[in-house]
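Hi,

Here is the structure I said I would pass on. Have a look at it first, and then read on for what turned up in it.

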Amino acid sequence: MALQTARPRQGFFGIPTHGSLLLLLLSLGWVLASTAQAADTGLGVMTPWLQRTSQDLSWQRPELTVILPRARRDTEKKACPPGRKAQVVDENLVFYEEWELEACVDGALLAAQMDRVNLVPFTYQQLNIFKRKLDKFYPQGYPESLIQRLRYFFLWVTPEDIHKWNVTSLETVKSLLKVSKGNRMDAQVTALIARYVGGGGQLDKATLDALASFHPTYLCFLSPEQLGSVQLSVVWATRPQDLDACSLQQMTVLYPKARTAFQNVSGSEYFTRIKPYLGGAPTEDLRALSRQNINMDVATFKKLRTEAVLPLTIAEVQKLLGTNLMGLKAEEANSPLREWISRQSQEDLDSLGLGLHGGTPNGYLVLDFSVREASSGGPLLLRLGPGPVLTVILSLLLALILN
Ligand SMILES: *[C@@H]1O[C@H](CO)[C@@H](O)[C@H](O)[C@H]1NC(C)=O
Ligand SMILES: *[C@@H]1O[C@H](CO)[C@@H](O)[C@H](O)[C@H]1NC(C)=O
């Protein structure tokens with residue numbers, strides 16, 4: 001039992017601990033039997049290792065660099081010696097040399113006996129060999145039947161591996177999250193969530209809570225409903241780049257959450273925190289920010305929702321950007337500034353002194369028929385003037401009303 005619980009962390013973070021493993025095995029009293037077994041098969045592979053280990057337990061690191069290239073070369077050459085072909089995953093395999101594992105263990109056996117792979121205290125190198133063998137056996141990605149039984153072996157898979165998987169079982173997700181906890185598996189967890197949610201899977205509250213112990217790089221893979229259940233502590237742990245892939249719909253859910261989460265901070269710290277979420281902010285909140293001398297940068301302004309920016313007055317935009325106002329000129333052709341400019345009178349825009357173009361020419365009136373606009377794609381401009389033009393406007397208005 002001690003072996004079983006101690007092993008995964010050791011294997012994941014550590015350099016193989018042949019020395020401590022050996023001590024453990026010696027204390028369990030079966031190393032000598034295994035050595036005798038190895039000698040019986042005429043190999044005696046344990047002898048030099050035992051001798052060295054008994055003299056000095058700190059040899060592992062330098063020795064690795066010597067062993068690895070040799071093991072690689074051997075792999076290319078050697079076939080599995082007679083009688084060494086593995087029929088079962090058990091403790092005997094711990095004493096196989098790396099080239100023997102390469103030659104004598106196959107991916108099908110590892111997949112079939114994954115539970116045993118997790119029980120036996122294999123070294124870092126040995127597990128690496130098993131991982132390569134499984135990958136070769138399943139070049140298209142592991143089948144879900146294996147993923148369900150992976151347990152600690154999950155610590156060996158990469159996000160790229162996971163992106164090939166189909167994960168439809170919430171139980172599987174939960175068990176892999178449990179294994180991942182505390183093991184720097186953020187990228188793998190994100191990939192797992194992406195595959196599960198991408199395949200139509202629903203996360204329950206318990207799973208969302210379990211996710212809170214990982215870095216929230218998975219946020220943009222959650223549906224708006226799932227985001228609604230995310231804890232406020234997750235919002236605190238989120239970095240701006242974690243939100244890069246989020247859609248407008250997702251930001252609309254996250255923004256009010258962030259506003260609640262950050263209500264215990266104020267002033268410039270509040271603005272710094274809320275900034276990455278402003279893509280989901282409504283007009284009223286932008287108005288409120290414009291009164292607080294925040295000097296919003298142009299990069300943040302660019303990410304605001306067009307509908308939220310459109311109702312802002314020139315004075316409000318001016319106050320919102322403050323010292324960063326000059327930067328707007330470079331954005332005049334892009335959303336949301338382009339749409340906003342087209343709603344302003346050119347005369348008022350000119351008063352900003354930025355050289356912004358595209359406003360409503362002087363003497364024109366912007367008629368905002370929101371419903372019609374959706375199909376025509378722009379505001380309606382009417383020339384204001386004496387006589388006949390006014391008649392046109394009146395008949396047009398009449399036509400619109402009667403419509
Ligand atoms: C995942 O599912 C798709 C569609 O059913 C299938 O074509 C693919 O082979 C599956 N991949 C794996 C690794 O099971
Ligand atoms: C506000 O609350 C969060 C979590 O609830 C905490 O991490 C943070 O330190 C608090 N900040 C202040 C200024 O109280």
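One cut-off before the details: a residue counts as buried under 20% relative accessible area, as exposed over 50%, and as partly exposed in between. Trp 236 comes out at 33% relative accessibility, so this residue is partly exposed. Please keep in mind that this is a predicted model.

**The chain overall**

The chain has 403 residues, and 43% of them count as buried. Its secondary structure comes to 26 helices and two strands. If you take the contacts between residues at least 6 apart in sequence, 62% of them join residues at least 24 apart. The accessible surface is about 20,800 Å², with 56% of that belonging to carbon and sulfur atoms.

**Aromatic rings**

There are eight aromatic pairs in the structure. Among them is Phe 154 with Trp 165: the ring centres are 6.1 Å apart and the planes are at 50°, so this pair is tilted. Phe 154 sits in the loop between helix 10 (144-147) and helix 11 (159-162), while Trp 165 is in the loop between helix 11 and helix 12 (170-180), so the pair ties together parts that are 11 residues apart in sequence. Phe 154 and Trp 165 are both buried.

Trp 236 pairs with Phe 262, and here the arrangement is edge-to-face, with 5.1 Å from centre to centre and 85° between the planes. Trp 236 belongs to helix 16 (residues 232-237) and Phe 262 to the loop between helix 17 (248-261) and helix 18 (267-274), so this pair links parts that are 26 residues apart in sequence. Is Phe 262 buried or exposed? Its relative accessible area is 2%, so Phe 262 is buried.

The charged end of Lys 78 is over the ring of Trp 99, 4.5 Å from the ring centre. Arg 84 has its charged end over the ring of Tyr 96, 4.0 Å from the centre.

**The ligands**

Which residues surround ligand 1? They are Gln 140, Gly 141, Tyr 142, Lys 164 and Asn 166. A polar side-chain atom of Asn 166 is 2.3 Å from an oxygen atom of ligand 1. On its own, ligand 1 exposes 360 Å², and the protein buries 37% of that.

Around ligand 2 you will find Trp 236, Asn 264 and Val 265. That is the Trp 236 of the edge-to-face pair. Asn 264 places a polar side-chain atom 2.4 Å from an oxygen atom of ligand 2. Taken alone, ligand 2 exposes 370 Å², of which the protein buries 36%.

Start with Ala 111, which is in helix 7 (residues 107-112). Its relative accessibility is 3%, so it counts as buried. Leaving out residues up to four places away in sequence, Ala 111 touches Leu 134, Tyr 138, Leu 146 and Arg 149.

Next is Gln 126, found in helix 9 (residues 124-137). At 3% relative accessibility, Gln 126 is buried too. What does Gln 126 contact, leaving aside its neighbours within four places in sequence? The list is Leu 93, Val 94, Phe 95, Tyr 96 and Leu 101. Tyr 96 is the residue whose ring lies under the charged end of Arg 84.

Finally, look at Leu 354, in the loop between helix 24 (346-350) and strand 1 (364-367). With a relative accessible area of 10%, Leu 354 is buried. It touches Leu 325, Met 326, Leu 328 and Lys 329, again not counting residues up to four places away in sequence. Met 326 is 28 residues from Leu 354 along the chain, and their C-alpha atoms are separated by 6.4 Å.

Cheers

Notes:
Residues are numbered from 1 along each chain as its sequence is written. Chains are lettered from A and ligands numbered from 1 in the order in which they are written. This is a predicted model: local features need pLDDT of at least 70, side-chain atom pairs count only at pLDDT 80 or more; totals for chains, interfaces and linings use all residues. Side-chain values use heavy atoms; hydrogens and water are left out. Helices (H or I, at least four residues) and strands (E, at least two) are DSSP runs, numbered from the N terminus. Buried means under 20% relative accessible area, exposed over 50%, partly exposed in between (1.4 Å probe, protein chains only). Contact means heavy atoms within 4.5 Å. Rings of Phe, Tyr and Trp (its six-membered ring) pair if their centres lie within 6.5 Å; planes under 30 degrees apart count as stacked, over 60 as edge-to-face and the rest as tilted. A charge sits over a ring if NZ of Lys or CZ of Arg is within 6 Å of the ring centre and within 35 degrees of the ring normal. A residue is near a molecule or strand if one of its heavy atoms lies within 4 Å of it. A polar contact is a pair of N or O atoms within 3.5 Å; within protein, one must be able to donate a hydrogen and the other to accept it, and residues adjacent in sequence count only if both atoms are side-chain atoms. Accessible areas come from the Shrake-Rupley method with a 1.4 Å probe; for residues, only the protein chains shown count as cover.
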